[in-house]
Amino acid sequence: MPTTGCGGIRFTIQDLTPSKNHTPTYTLAAPPPRIACRSVVASSPHRVAFSLSLVAAGLDTYLIFQSLLDFMIPVLAPSIKMWAVYNSILVRHPLKTEMATSATLWFFGDILAQEFEHRDKEAVAVPAAVVLGEKGSGPTEKACYKALEEPRFDLHRAGIQTLYAGAIWGVAGHYWYHFLDKQALKYAAAGTIGFVAVKLGLEIALLHPIALLAFFVVVGLLGGESFAEIGKQLRRDYVSTLMLEVCLWTPLDLANFLFVPVRHQLLVVNTACLFESIMLSYIKANGLFMTKHLDDHRDQEGDKKKKL
């Protein structure tokens, strides 16, 4: 009895010879499972190869991931333990822990800023000496050579930054983020877009302007600057530095408010402040566009002319 099939389904033709009293009949029957599997394998070997390649790729990915875990777990174990210890201390002594964290990060931030400043001044002063055959005669070169003759790191300056960060910023930041959370809850539910928007708005409108003003004034006074000198730097650098701060902090603040618990928000901010302290320390010592030394030189020249 002849048969034919399509897609694994067979048609059994019982009679191919029609007559007046008899018509051909067709029976539709599914093939046995083994025959169907053989049919698929025979008709589409590329599908089988593709499936096997997917399995192999998945196995390779698993083995790679397992190898990374085997490597990273011993490496990360000390950090995980330190994080657990930090959390336990933070729970018992939140204010003191945040003050110490702020002071430590800002200290290292200022040290890094001084290193970058020294390299910049070397890059300007040394080529000038090679070209001129002497210590450069311009105001920039003079200022650079004066700085190069001093110690590479000014621990007094780093101490001032550390004192400001620990005694003022650490305390203010501790109370600010708890205050910010309570105020935002008055207007929106926690975790909503409105909640984050309120916190971000207060951060931009209040914290950044006040904190930056306090930084310039307090660090300036602790460093022995007069109110006239502080006012001069504020007029020169305050607005442009504030705009730069808002641009840099807004994305971080959004992520911080969305994903980080309140008790860890200051830690996230302080970690970012390690980089911000480099920027602020650099600006405080040199001006936003490295103009402070030039302004000081012009002031000295002006004083000499007045005396003459």
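Visitor: Is Phe-215 buried or exposed?
Guide: This is a predicted model. Buried means under 20% relative accessible area. Phe-215 has a relative accessible area of 1%, so Phe-215 counts as buried.

Visitor: How many aromatic pairs does a search of the whole structure find?
Guide: Rings of Phe, Tyr and Trp pair if their centres lie within 6.5 Å. By that cut-off, the number of aromatic pairs found in the whole structure is 6.

Visitor: What kind of pair do Trp-106 and Tyr-164 form?
Guide: Their ring centres are 5.7 Å apart, with the planes at 65°. Planes over 60 degrees apart count as edge-to-face. The pair of Trp-106 and Tyr-164 is therefore edge-to-face.

Visitor: How many residues apart are Trp-106 and Tyr-164?
Guide: Trp-106 sits in helix α3 (residues 94–132) and Tyr-164 in helix α5 (residues 155–185). The pair links distant parts of the chain, and the separation is 58 residues.

Visitor: Which helix holds Phe-215, the partner of Trp-106 in a tilted pair?
Guide: Trp-106 and Phe-215 lie 6.1 Å centre to centre, with 50° between the planes. This pair also links distant parts of the chain, 109 residues apart. Trp-106 is in helix α3, while Phe-215 is in helix α6 (residues 193–222).

Methods: Residues are numbered from 1 along each chain as its sequence is written. This is a predicted model: local features need pLDDT of at least 70, side-chain atom pairs count only at pLDDT 80 or more; totals for chains, interfaces and linings use all residues. Side-chain values use heavy atoms; hydrogens and water are left out. Rings of Phe, Tyr and Trp (its six-membered ring) pair if their centres lie within 6.5 Å; planes under 30 degrees apart count as stacked, over 60 as edge-to-face and the rest as tilted. Helices (H or I, at least four residues) and strands (E, at least two) are DSSP runs, numbered from the N terminus. Buried means under 20% relative accessible area, exposed over 50%, partly exposed in between (1.4 Å probe, protein chains only).
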